[in-house]
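User: I am new to this structure and would like to learn how to read it feature by feature. Could you take me through it slowly, with the general idea before each case?

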Amino acid sequence: MRGHFTLEYWQDGKFYVGRLVEVPGVFSQGKTLDELRENIQDAYDLMVTQERTPAPAAAQQQPVELDV
């Protein structure tokens, strides 16, 4: 399955730096736009699609309210 996102990017020195507008926290960089697109895919995979390691057996959960 493929999703459509907005890559917002800019130049910082010799690198292109970018982020996915729709997915907070997914940032990356590359020497070329093609490399940035490859790296942003890797960043997305790490942040969104990878399985998380299990929490320790003693882990607890509780509801929390955050300002958004």
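User: In which sense do strand 1 and strand 2 pair, and over how many bridges?

Analyst: Before the pairing, a word on the source: this is a predicted model, in which local features need pLDDT of at least 70 and side-chain atom pairs count only at pLDDT 80 or more, while totals for chains, interfaces and linings use all residues. Residues are numbered from 1 along each chain as its sequence is written, and side-chain values use heavy atoms, with hydrogens and water left out. Helices (H or I, at least four residues) and strands (E, at least two) are DSSP runs numbered from the N terminus, and two strands pair if DSSP finds at least two bridges between them. Here strand 1 (residues 7-12) and strand 2 (residues 15-20) are antiparallel, with six bridges; Leu7 stands opposite Leu20, and Trp10 has Val17 as its bridge partner. The two strands form a hairpin with two residues between them, and Gly13 in that turn has a positive phi of about 65°.

User: How many bridges join strand 2 to strand 3?

Analyst: Strand 2 and strand 3 run antiparallel and are joined by four bridges, with Arg19 opposite Phe27 and Val17 partnered by Gln29. Their hairpin has six residues between the strands, and Gly25 takes a positive phi near 95° there.

User: Which residues make up the largest nonpolar core?

Analyst: In soluble globular proteins, nonpolar side chains tend to be buried together. A nonpolar core is a set of buried Ala, Val, Leu, Ile, Met, Phe, Trp, Tyr and Cys residues joined through side-chain atoms within 4.5 Å. The largest one here has six residues, namely Leu20, Val23, Val26, Ile40, Ala43 and Tyr44, and helix 1 gives the most to this core, with three residues. Val23 touches Phe5, Tyr44 and Val48, not counting residues up to four places away in sequence.

User: How many aromatic pairs does a search of the whole structure find?

Analyst: Rings of Phe, Tyr and Trp (its six-membered ring) pair if their centres lie within 6.5 Å; planes under 30 degrees apart count as stacked, over 60 as edge-to-face and the rest as tilted. The search finds two pairs. Phe5 and Tyr44 form a tilted pair, 5.3 Å centre to centre with 50° between the planes. Phe5 lies in the segment before strand 1 and Tyr44 in helix 1 (residues 33-49), so the pair ties together parts that are 39 residues apart in sequence. Tyr9 and Tyr16 form an edge-to-face pair, 6.2 Å centre to centre with 65° between the planes. Tyr9 is partly exposed, with a relative accessible area of 42%, and Tyr16 is also partly exposed, with a value of 21%.

User: Where does Pro63 lie, and is this residue buried or exposed?

Analyst: Pro63 lies in the segment after helix 1 and is exposed, with a relative accessible area of 80%. Pro63 and Gly13 are 50 residues apart in sequence and 43 Å apart in space, C-alpha to C-alpha.

Definitions and conventions: Buried < 20%, exposed > 50% of the residue type's maximum accessible area, 1.4 Å probe, protein only. Contact = heavy atoms within 4.5 Å.
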